[in-house]
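Subject: The structure you asked about

Hi,

Here is the structure, with the sequence alongside. Have a look at it first, and then read on for what turned up.

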Amino acid sequence: VCAQLAERKNRLYVHSLRQLTVNSVLPGIRELLMTLREERIPVGLASVSLNAPAILQALDLKSYFDFCGDAALISRSKPDPEIFLAACAGLGADPRQCIGIEDAQAGIDAINACGMFSVGIGTGLNGASLQLPSTEFLTWPCLSALWQHDK
């Protein structure tokens, strides 16, 4: 019964992805990605969702990512840092020189476990290097200041 419910939930979720458009991007995200591209800052996606590539495509954001971790190759989910370490490896970057952004506690824990700077988006997240109330506050000057301050 649980497997049937999980399969139904995933079918409904995949169907809901068809509703995504370029206008579904959270506030400030497209601008941040454009700035990171202009600054030549590599960007990776560390999602354990098998639907991540389809979401990036629907949002017209795929071209802003230099590497997308393959969730199918991940054996352990967050809070294990495996997906973040895979993204760093895919970018050829030392995790200690990277910033991870998350909206869930398990993600913050995973980011911290691999030595990255962590940015928590939303409330109720503990242990983030930087806590922001929403994505509209997520800017390159903000991230750059975090990285420079903690160097």
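**What was found**

Let me start with one proline: Pro 79 sits in the loop that runs between strand 2 (67-68) and helix 4 (82-91). Please keep in mind that this is a predicted model.

Which residues does Pro 79 touch, once its neighbours within four places in sequence are left aside? They are Ala 106, Asp 109 and Ala 110. Asp 109 is 30 residues away from Pro 79 along the chain, yet their C-alpha atoms are separated by 5.5 Å. Even with these contacts, Pro 79 is partly exposed, its relative accessible area being 45%.

Three strands make it up, in the order 3-4-5, and it is open, with parallel pairing. Strand 3 (99-102) and strand 5 (130-132) are the edge strands; each has a single partner strand, so one side of each lacks a neighbour in the sheet. On average, neighbouring strands here are turned by 20° against each other, direction ignored.

On one side of strand 4, four bridges pair it with strand 3 in the parallel sense. Between these two strands the chain passes through helix 5 (residues 105-113), and this β-α-β crossover is right-handed. Within the pairing, Ile 99 stands opposite Phe 117 of strand 4. Strand 4 (residues 117-121) is also joined to strand 5, by three bridges, and these two run parallel. There, Ile 121 has Leu 132 as its bridge partner.

Is strand 4 mostly covered or mostly open? Mostly covered: five of its five residues are buried. Phe 117, Val 119 and Ile 121 point one way, while Ser 118 and Gly 120 point the other way, and all are buried. In a regular strand, side chains alternate between the two faces of the sheet.

The chain has a mean pLDDT of 90, and 97% of its residues reach 70 or more. Where is confidence lowest, and where is it highest? The lowest is in helix 1 (residues 2-17), with a mean of 75, and the highest is in helix 2 (residues 29-38), at 97. Where pLDDT is low, the predicted coordinates should not be read in detail.

Best wishes

Terms used: Residues numbered from 1 in each chain as written. Predicted model: local features only at pLDDT ≥ 70, side-chain atom pairs only at ≥ 80, totals over all residues. Heavy atoms only, no water. Buried < 20%, exposed > 50% of the residue type's maximum accessible area, 1.4 Å probe, protein only. Contact = heavy atoms within 4.5 Å. Pairing = 2+ DSSP bridges. Axes fitted to C-alpha atoms, helices over the stretch in contact; angles between N-to-C directions. pLDDT = per-residue confidence, 0-100. Right-handed = clockwise from strand over helix to strand, strands pointing away.
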